[in-house]
Amino acid sequence: MKAVPSQIVKELPPYLFSGLNRKKAALRKSGIDLIDLGIGDPDLPTPAFIVDKLIKELKHPQNMRYSTFNGCPEYREAVADFYLKQYNTKLNPEQEVMTLIGSKEGIANLVQAMIDPGDIVLIPDPSYPVYRMAVHLAGGVAHPMPLLPEKGFVPDFTAIPTNVLKRAKLSFLNYPGNPTGACVDLDFFEEAVHFFKKHGIYLAHDSAYNLVTYGNYKAPSILEVPDANSIAVEFGSLSKAFNMTGFRIGYVVGNEEIVQTLHTVKSNLDSCQFLPIQKAAAAALTSDLSLLNDRNSIYEKRGRVMTNALEALGIKAQVPKGSIFLWAPVPDGLTSAAFCEKVMDETGVVVTPGTAFGEHGEGYFRISLSVPDDRLIEAAERMKNVSFKV
Ligand SMILES: *Cc1c(COP(=O)(O)O)cnc(C)c1O
């Protein structure tokens, strides 16, 4: 028999969590009370009015049938309403908005839809691993744009070599960012749109954390840049915004040609999301968003608990302006992986090595704040008391 996986699947970059996961399983088996700060998956409940709307829609027989491939009008119009209200940006819900079964699916299928073998895709490094994996599966070439602390974790566009720019077709950005928590102002998006337009490169902005922001900071949309719609799409997700990861609901908005190209691929592969979920998500997007303030201050408070604990360890980390993560430097002399292993061994607290998000994540680790307060406080206490010197 021939090997089951295709060559391209066999060559997928190794899953960097697998070693850590084996260790996690072993520690758990030996009875250690692990606290997992590795996963970004909101612990707080989905707002009740969204669940109530889902239950109501579940009772309509016509909602049991297929959705149209690009999503039901009620949801697409809700996304357009949200963009008008939140960003003062007009979208045509027919052509410039499409339902996704979570934004992860849309990101991966967009790469499939746009990239031919050998095309270059510019990927922030460190970043959400899906960008890189999707490029590999499409036979494309991922070119990293390093995100460095001295630049505030935004790419230095002038550092991208000319020959790379010539072959590049698509670029990804993500702010508020996973894993760095970095946030940007509209000025940065203006610079990005101007730069990529000049070089004829399409732009996909992943705004998974657009509504997870702290204090007075409001995350801009890339589509607020007047010219953006000519080259850019934005991915959005209800997952982190409304604590709805398991619902699998997101959207893509912006450049009509890109949205419709993604539609071509998706209409051949899937049949869109369950109608009651789209309608519940529509209710979420058209709701009074100030209801998210309490949730966001919980994350911010957790961030402070953790940064204080890290400070006691001699590790300087800042609570970002958004996202559900802390991005902290590992102590001198240790690799990210070695540090995370030591922390797990000593304390039973699981944190993610920066290298899981790309080679420029070396020297950092990521802490997820999406665990209940009491567990986070317990994790912070344990970390304060590690016996190894940092
Ligand atoms: C969680 C996350 C997503 C995935 O969102 P889904 O809509 O649940 O697929 C996309 N991008 C980033 C950066 C994320 O952290």
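**Exercise 1.** Find how the chain is divided into domains.

Solution. Domain 1 takes in 7-45 + 292-384, and domain 2 covers 48-289. These bounds come from an automatic or database domain assignment. Next, look at the C-alpha centres: those of domain 1 and domain 2 are 25 Å apart.

A quick note on the numbers: this is a predicted model, where local features need pLDDT of at least 70, side-chain atom pairs count only at pLDDT 80 or more, and totals for chains, interfaces and linings use all residues. Residues are numbered from 1 along each chain as its sequence is written, and side-chain values use heavy atoms, with hydrogens and water left out.

**Exercise 2.** Describe how domain 1 and domain 2 meet.

Solution. Start with contacts (heavy atoms within 4.5 Å): 34 residues of domain 1 touch 34 residues of domain 2.

**Exercise 3.** Is Asn-109 buried or exposed?

Solution. Now apply the cut-offs: buried means under 20% relative accessible area, exposed over 50%, partly exposed in between (1.4 Å probe, protein chains only). Asn-109 has 13% relative accessibility, so it counts as buried. Finally, list its neighbours: leaving out residues up to four places away in sequence, Asn-109 touches Leu-262, Val-265, Lys-266 and Leu-269.
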